[in-house]
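This briefing concerns a single protein chain, shown below. Please consult the sequence and the structure alongside the points that follow.

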Amino acid sequence: MVDFALLHRSALAGARSGSFGASSTRARITLNALPEGHVLQVLAAHGSGDLQNLIPQIGDGAPHAVRPYGPGQWFVVGDAPLSAADISGKAALLASKASIADQSHGRIRIGVSGASVEAVLAKGTAVDLDRASFAIGHSAMTLIGHISALITRTGADSFELMVLRGFAESLWDELVQMSLEFGVDAKTAD
């Protein structure tokens with residue numbers, strides 16, 4: 001039994017929230033602190049073959065829950081927290097083909113959406129985010145400013161950024177600054 005209870009504090013609880021900048025007649029950018037559910041890092045074992053059909057089985061079935069970020073490497077995300085038993089069950093599905101590392105405590109997801117979202121994100125990353133070359137469901141590891149993040153297109157005008165917990169508030173503030181000319185509505189989970 002533990003001597004003290006750990007208290008969970010949202011990584012973006014201290015981030016500025018509210019509307020910033022332009023009037024409602026201009027294009028809006030919305031920032032959302034997404035639920036701190038689960039983030040599982042999946043690493044394929046050497047010589048495990050093609051796992052493209054197996055990896056989605058450990059996801060929750062939500063669109064874009066599985067995000068490739070390198071050869072034999074994926075993040076599987078979801079809004080609901082997972083117990084140790086849930087994670088063990090998912091690991092058993094992969095048997096000796098891949099391993100799972102629970103990254104839920106260390107990674108934060110931020111939603112960015114709006115008509116000018118590509119222009120906002122282009123201020124911070126060199127990735128070509130045009131819909132023709134970065135389709136819905138596509139992911140890429142990149143830098144946004146000086147912060148490493150996994151960027152995933154989740155809709156025609158929406159992206160999700162996943163960042164290490166210690167950089168979440170700094171990235172949030174950078175996104176607010178990058179969005180000011182378009183008008184930004186920032187929503188945190190308090």
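Residues are numbered from 1 along each chain as its sequence is written, and side-chain values use heavy atoms, with hydrogens and water left out.

**Confidence**

- The chain has a mean pLDDT of 86, and 86% of its residues reach 70 or more; pLDDT is the predictor's confidence in each residue, from 0 to 100.
- Residues 17–25 have pLDDT below 50, and this stretch has 19 contacts in the model beyond near neighbours in sequence (contact means heavy atoms within 4.5 Å).
- Where pLDDT is low, the predicted coordinates should not be read in detail.

**Salt bridges**

- The whole structure contains 8 salt bridges, each defined as a side-chain nitrogen of Lys or Arg within 4 Å of a carboxyl oxygen of Asp or Glu.
- Glutamate 36 and arginine 165 form one of them, with an N to O distance of 3.1 Å. Glutamate 36 belongs to the loop between β2 (29–33) and β3 (38–44), and arginine 165 to the loop between β10 (158–164) and α3 (168–179), so the pair ties together parts 129 residues apart in sequence. Helices (H or I, at least four residues) and strands (E, at least two) are DSSP runs, numbered from the N terminus.
- Glutamate 36 is partly exposed at 24% relative accessibility, and arginine 165 is partly exposed at 24%. Buried means under 20% relative accessible area, exposed over 50%, and partly exposed in between (1.4 Å probe, protein chains only).
- Arginine 109 and glutamate 160 form a salt bridge whose closest N and O atoms are 3.2 Å apart. Arginine 109 is in strand β7 (residues 107–114) and glutamate 160 in strand β10, so the pair ties together parts 51 residues apart in sequence.
- Arginine 109 is buried, at 6% relative accessible area, and glutamate 160 is buried at 8% relative accessibility. A network of salt bridges links Arg67, Asp79, Arg109 and Glu160.
- Glutamate 118 pairs with arginine 153 in a salt bridge, the closest N and O atoms lying 2.7 Å apart. This pair links distant parts of the chain, 35 residues apart: helix α2 (residues 117–122) holds glutamate 118 and strand β9 (residues 147–155) holds arginine 153.
- Glutamate 118 is partly exposed at 24% relative accessibility, whereas arginine 153 is buried at 1%.

**Surroundings of alanine 11**

- Alanine 11 lies in the segment before β1 (18–20) and is buried, with 8% relative accessibility.
- Beyond its neighbours within four places in sequence, alanine 11 contacts Glu36, Ile108, Arg165, Ala168 and Glu169.

**Sheet and helix**

- An open sheet of 4 strands runs in the order β4-β5-β3-β6, with antiparallel pairing; two strands pair if DSSP finds at least two bridges between them.
- β4 (66–70) and β6 (98–102) are at the edges with a single partner strand each, so one side of each has no neighbour in the sheet.
- The twist from one strand to the next averages 25°. Axes are lines fitted to C-alpha atoms, for helices over the stretch in contact, and angles run from 0 to 180 degrees between N-to-C directions.
- β3 pairs with strand β5 (residues 73–78) in the antiparallel sense over 6 bridges, and leucine 43 stands opposite glutamine 73 in β5.
- Helix α1 (residues 84–94) packs on the sheet and touches β3 and β6, its direction making about 160° with that of β6.

Definitions and conventions. Predicted model: local features only at pLDDT ≥ 70, side-chain atom pairs only at ≥ 80, totals over all residues.
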